[in-house]
Protein chains: 2
Amino acid sequence: MISAPSGAGKTTLCRRVVAADKRLRESVSYTSRQPRRGERNNRDYTFVTADEFRKMASRGEFVEWAEVHGNLYGTSRKRLRDLLAKGFDVLLDIDTQGAAQFRRAFPDGVFIFILPPSREALRQRLEGRGANSKADMERRMGNAAREMKNYKNYDYVIVNDVLNDAVSGLRAIIESERLRTARVDRAWIRDNFFY
Amino acid sequence: MISAPSGAGKTTLCRRVVAADKRLRESVSYTSRQPRRGERNNRDYTFVTADEFRKMASRGEFVEWAEVHGNLYGTSRKRLRDLLAKGFDVLLDIDTQGAAQFRRAFPDGVFIFILPPSREALRQRLEGRGANSKADMERRMGNAAREMKNYKNYDYVIVNDVLNDAVSGLRAIIESERLRTARVDRAWIRDNFFY
């Protein structure tokens with residue numbers, strides 16, 4: 001489970017790591033927001049109306065969902081279950097509200113927070129995304145600060161300064177978590193060494 | 001803290017990882033056993049007599065020490081402290097008895113267990129080390145099985161089948177543990193984002 005304030009570079013980072021790891025997949029989220037330029041349906045998000053989204057939510061089709069900056073985002077229970085059943089590890093890009101719900105649903109999940117390298121870098125990235133008016137920028141910076149306060153609830157923190165270093169850090173977390181004693185194949189060890 | 005039964009390939013693995021990581025050092029242990037061919041004093045171990053070793057132990061100079069297969073092994077408190085004071089992360093190669101003592105002394109330490117890929121591979125490696133008589137081999141295999149039973153007390157398990165994969169796994173654990181939220185610089189985050 002990966003969270004970050006808008007502008008921390010989470011999407012690029014996740015895409016790089018998923019492309020490099022055959023055992024890892026992203027679960028495509030549903031959202032009620034409009035596609036941004038370059039975003040494709042069912043790749044970046046599955047775009048639905050707020051009405052459709054709320055119907056899905058009321059049917060319990062989301063493992064977690066949240067309203068962020070006025071838009072709805074949710075993780076499909078079916079998509080997640082299908083990927084896990086096929087043996088994939090799943091990278092979920094979720095907001096800080098979703099993470100709290102997920103911690104309850106998946107206490108053995110791995111929670112990673114991405115931070116921008118500095119306030120100034122965050123401001124520049126938000127400008128690049130079209131936060132132009134002073135009021136809009138202040139609102140977005142305020143949202144980011146509120147989201148970042150949650151970093152202590154996560155297991156790992158990656159500061160996304162140099163992208164290659166952040167990719168290496170995220171890959172290391174995924175590789176090492178696969179080696180956790182709680183996740184190793186105890187039956188294999190028993191049959192191999194203790195029969 | 002790394003433990004493994006004799007024959008799991010721990011020494012080669014640790015050497016490869018330390019050579020590739022500038023922030024990581026091994027603390028050279030003291031031992032009362034005789035040097036094996038190719039081992040150098042103060043590089044592989046500091047070789048002392050059993051008498052000297054016991055005097056050091058009685059003066060509290062070891063963070064942990066243990067008797068393994070009739071020989072004494074210990075980690076120097078001063079060496080460990082000096083490396084940590086210089087800002088290094090320290091890789092400690094300790095036996096399974098030492099690990100339990102360490103867990104009490106360093107509850108936030110990271111505990112890693114190395115397993116051989118199979119009983120047969122372990123047997124072959126022990127033969128390569130001169131376990132020739134059937135009785136000697138049985139004793140060594142029994143010791144290894146007893147030691148391996150402790151793997152559940154460790155945070156991570158690496159099966160040392162292909163050396164390069166084991167090196168990659170150990171490096172990933174070290175890199176990811178540096179990103180643990182409990183180890184990130186909270187003052188830096190606060191001053192950067194929440195002033």
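Guide: Start with a rule: two strands count as paired once DSSP finds at least two bridges between them. Keep in mind that this is a predicted model.

Visitor: How many bridges join strand 1 of chain A to strand 8 of chain A?

Guide: Two bridges join them, and the strands run parallel. That meets the rule of at least two bridges. Strand 8 covers residues 112-115 of chain A. For a landmark, take I2(A), which stands opposite I112(A) in strand 8 of chain A.

Visitor: In what order do the three strands form the open sheet of chain A?

Guide: First the general idea. Strands of a sheet pair through backbone hydrogen bonds, in either the parallel or the antiparallel sense. In chain A, the order of this open sheet is 1-8-9, with parallel pairing.

Visitor: Why is one side of strand 1 and of strand 9 of chain A left without a neighbour in the sheet?

Guide: Strand 1 (2-3) and strand 9 (156-159) of chain A are at the edges and have a single partner strand each, so one side of each lacks a neighbour in the sheet.

Visitor: Now the antiparallel case. How many bridges join strand 5 of chain A to strand 6 of chain A?

Guide: Six, between residues 62-68 and residues 71-76 of chain A. W65(A) stands opposite G74(A) in strand 6 of chain A. Look next at the turn. The hairpin of strands 5 and 6 of chain A has two residues between the strands, and H69(A) takes a positive phi near 50° there.

Visitor: And chain B: which residue takes a positive phi in the hairpin of strand 5 and strand 6?

Guide: H69(B), near 50°, in a hairpin with two residues between the strands. Six bridges join strand 5 to strand 6 in chain B, and they run antiparallel. E67(B) stands opposite L72(B). Strand 6 of chain B also pairs with strand 3 (residues 29-31) of chain B, antiparallel, over two bridges. There Y30(B) stands opposite G74(B).

Visitor: Turn to the two copies. What rotation superposes chain B on chain A?

Guide: A rotation of 180°, with 0.0 Å of shift along its axis and an RMSD of 0.0 Å. That is the relation of a two-fold axis.

Visitor: Which residue of chain B comes closest to the rotation axis?

Guide: A172(B), whose C-alpha lies 2.2 Å from the axis.

Visitor: How many residues does the contact take from chain A and from chain B?

Guide: It takes 25 residues from chain B and 25 from chain A. On the side of chain B that touches chain A, helix 6 (134-148), strand 9 (156-159), helix 7 and helix 8 (186-193) each give two or more residues. Helix 7 of chain B gives the largest share, five residues. By class, this side has 15 nonpolar, five polar and five charged residues. Of the interface residues of chain B, 100% are also interface residues in chain A, so the copies meet through the same surface.

Visitor: At what angle do helix 7 of chain A and helix 7 of chain B pack?

Guide: About 115°, with axes 8 Å apart; the helix covers residues 163-177 in each chain. The crossing is left-handed. G169(A), A172(A), I173(A), E175(A) and S176(A) make the contact with G169(B), A172(B), I173(B), E175(B) and S176(B).

Key:
Residues numbered from 1 in each chain as written. Chains lettered and ligands numbered in written order. Predicted model: local features only at pLDDT ≥ 70, side-chain atom pairs only at ≥ 80, totals over all residues. Axes fitted to C-alpha atoms, helices over the stretch in contact; angles between N-to-C directions. Helix = DSSP H or I, 4+ residues; strand = E, 2+ residues; numbered from the N terminus. Left-handed = near helix turned anticlockwise from the far one by under 90°. Contact = placed C-beta atoms within 7 Å. Nonpolar A, V, L, I, M, F, W, Y, C, P; charged D, E, K, R; others polar. Least-squares fit on C-alpha atoms with pLDDT ≥ 70 in both.
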